[in-house]
Amino acid sequence: ICLNLARSDWRRRGRRPSEELAGMPGDQVSRAASAASGDDVVAAVQANLDREQIAGALAELSAEQRQAIVLMDLAGHTASEVASMLGCPRGTVLARAHRGRRRLAQLLTAAGGARDLL
């Protein structure tokens, strides 16, 4: 059973692209500042501003919507896995994620047009 679970998990992770979250926002700025090109600095600062906008918008969501979005979109779990973690039906998780994403898009659009990040 353990071997089959490990294989299934390995296959599931292979189907989903993974992105590593950057460390502290200052890390990218300091790395970009040491680069020779001014475009790198501008890109790093823009990425940090976008990250701050997203974090602020996430903070304005309800706790249930925020949990669903973070666990599904950032952590890469499936709706079924999130449902078992939160102890609610899968449909509830999908509804929370959908409504949360819609609200997040509204907040980001109102904050400065960062909708393309979603």
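Okay, hi everyone. Before we look around, a quick word on the model: it is predicted, so to speak of a local feature we need pLDDT of at least 70, side-chain atom pairs count only at pLDDT 80 or more, and totals for chains, interfaces and linings use all residues. Residues are numbered from 1 along each chain as its sequence is written, and side-chain values use heavy atoms, with hydrogens and water left out.

Let's start with the overall layout. The chain has six helices and zero strands. Reading from the N terminus, the order is α-α-α-α-α-α. By helix I mean a DSSP run of H or I with at least four residues, and by strand a run of E with at least two, numbered from the N terminus.

Now, the surface. The chain exposes about 8,200 Å², and 55% of that comes from carbon and sulfur atoms. Those areas come from the Shrake-Rupley method with a 1.4 Å probe, and for residues only the protein chains shown count as cover. Of the 118 residues, 23% count as buried. Buried is under 20% relative accessible area, exposed is over 50%, and partly exposed is in between, with a 1.4 Å probe and protein chains only.

What about contacts, meaning heavy atoms within 4.5 Å? Take the ones between residues at least 6 apart in sequence: 47% of them join residues at least 24 apart.

How many salt bridges does the count come to? One. The rule asks for a side-chain nitrogen of Lys or Arg within 4 Å of a carboxyl oxygen of Asp or Glu. Here the partners are Asp73 and Arg101, at 2.8 Å from N to O. They link distant parts of the chain, with Asp73 in helix α4 (residues 63–74) and Arg101 in helix α6 (residues 90–112), 28 residues apart. Asp73 is partly exposed at 41% relative accessibility, and Arg101 is partly exposed too, at 35%.

Stay in helix α4 for a second, and find Gln65. Is Gln65 buried or exposed? Buried, with a relative accessible area of 17%. Setting aside neighbours within four places in sequence, Gln65 is in contact with Arg96, Arg99 and Gly100.

Last stop, cysteines. A disulfide is a covalent bond between the sulfur atoms of two cysteines. The cut-off used here is sulfur atoms within 2.5 Å, and a search of the whole structure finds zero disulfides. Cys2 is exposed at 63% relative accessible area, while Cys88 is buried at 17%.

That's my tour, thanks!

Note on methods. Contact means heavy atoms within 4.5 Å.
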